[in-house]
Amino acid sequence: MSSNSIWRAPWCAFAAAWLAGCAGNGMGLDAGGRPLPPGGSGGGELTADFDSIQQHVFTPICTACHAGSNAPQGLHLDAGNSYAQLVGVPSVEQPTILRVAVGDPDNSYIIQKLEGHAATGAQMPFGGPPLPQATIDVIRQWISAGALRTQDLTGEPSPP
Ligand code: HEC
């Protein structure tokens, strides 16, 4: 009995924070949903390369909705699908605007959705606190720099 209560209490506290919208700001959780110290560690800091954005933003925050057969607007943001469904792909809500327009963050629908000035629908993450502008700026930087699949800063190939 005691081993159960030891584990239940912190989990409930975490779940309550999540439901209250206190967690999931793009910097505060690692890919497993565990809280990170400010600035990030363990999974590394958020940097302007695709894998880092996937790991710090898309996987922990966006796949709560954007995954599986009911993914809104057919947009899957899990690691296996996100790049191919974002870069150079027209948005469903505003088909004249690409979800990610290479080199052009202002005209990238994902940025408009994250900053809350898209012509259609709600700010992302839907119903949650907006991402910090610093996080959005990192995504802008990635798009400006060419929205590469991997920036390969380390010389290591990224996992498929
Ligand atoms: C709680 C569920 C939820 C979460 C979390 C969420 N979304 Fe969404 N998303 C939606 C819904 C619902 C829509 C369609 C309605 C709307 O646009 O308001 C949508 C639409 C979008 C669109 C428009 C797609 C198109 O082709 O028109 C983009 C881009 C998007 N989301 C990006 C994101 C990103 C990036 C994140 C993570 C930072 C995110 N969303 C998190 C529910 C969610």
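Is His 66 buried or exposed? In this predicted model, His 66 counts as buried, at 11% relative accessibility.

**The iron site**

Two residues of the protein, His 66 through NE2 and Met 124 through SD, coordinate the iron atom of the ligand at 2.0 to 2.2 Å. His 66 sits in the loop between helix 2 and helix 3, while Met 124 belongs to the loop between helix 4 and helix 5, so this pair links distant parts of the chain, 58 residues apart. Like His 66, which is buried, Met 124 falls in the buried class, with 19% relative accessibility; the cut-off for that class is under 20%.

What is the arrangement of the 6 donor atoms around the iron atom of the ligand? It is octahedral, because the angles they subtend run from 87 to 179°. For reference, ideal angles for six octahedral donors are 90 or 180 degrees.

**Cysteines**

Two cysteines deserve a look here. Cys 62 is buried, at 14% relative accessibility, whereas Cys 65 is partly exposed, at 44%. How many disulfides does the structure hold? The count comes to 0. A disulfide would be a covalent bond between the sulfur atoms of two cysteines.

**Salt bridges**

Next come the charged pairs. Side chains of opposite charge can pair when their charged atoms come close, and the structure holds 4 salt bridges.

| Asp 51 | Arg 149 | 3.0 Å |

Take the salt bridge between Asp 51 and Arg 149. This pair links distant parts of the chain: Asp 51 is in helix 2 (residues 50-58) and Arg 149 is in the segment after helix 5, 98 residues apart. Both partners count as partly exposed, Asp 51 with a relative accessible area of 23% and Arg 149 with one of 31%.

Glu 93 is partly exposed at 22% relative accessibility, but Lys 113 is buried, with a relative accessible area of 6%.

Asp 106 lies in the loop between helix 3 and helix 4 and Arg 140 lies in helix 5, so the two tie together parts that are 34 residues apart in sequence. Asp 106 is partly exposed, at 48% relative accessible area, and Arg 140 is buried, at 18%. Salt bridges with shared partners join Asp 106, Arg 140 and Glu 115 into one network.

**After helix 5**

Where is Ala 145 found? Ala 145 is in the segment after helix 5 (133-144), and its relative accessible area of 56% makes it exposed. The C-alpha atom of Ala 145 is separated by 8.6 Å from that of Ala 48, although the two residues are 97 residues apart along the chain. The segment after helix 5 also holds Arg 149, the salt-bridge partner of Asp 51 in helix 2.

Note on methods
Residues are numbered from 1 along each chain as its sequence is written. This is a predicted model: local features need pLDDT of at least 70, side-chain atom pairs count only at pLDDT 80 or more; totals for chains, interfaces and linings use all residues. Side-chain values use heavy atoms; hydrogens and water are left out. Helices (H or I, at least four residues) and strands (E, at least two) are DSSP runs, numbered from the N terminus. Buried means under 20% relative accessible area, exposed over 50%, partly exposed in between (1.4 Å probe, protein chains only). A salt bridge is a side-chain nitrogen of Lys or Arg within 4 Å of a carboxyl oxygen of Asp or Glu. Donors are N, O and S atoms within 2.8 Å of the metal (3.2 Å for Na, K and Ca); water is not among the atoms, so sites may look incomplete. Four donors count as tetrahedral if all angles lie between 85 and 135 degrees; four count as square planar and six as octahedral if opposite donors are over 155 degrees apart and all others between 65 and 115; anything else is irregular. A disulfide is a pair of cysteine sulfur atoms within 2.5 Å.
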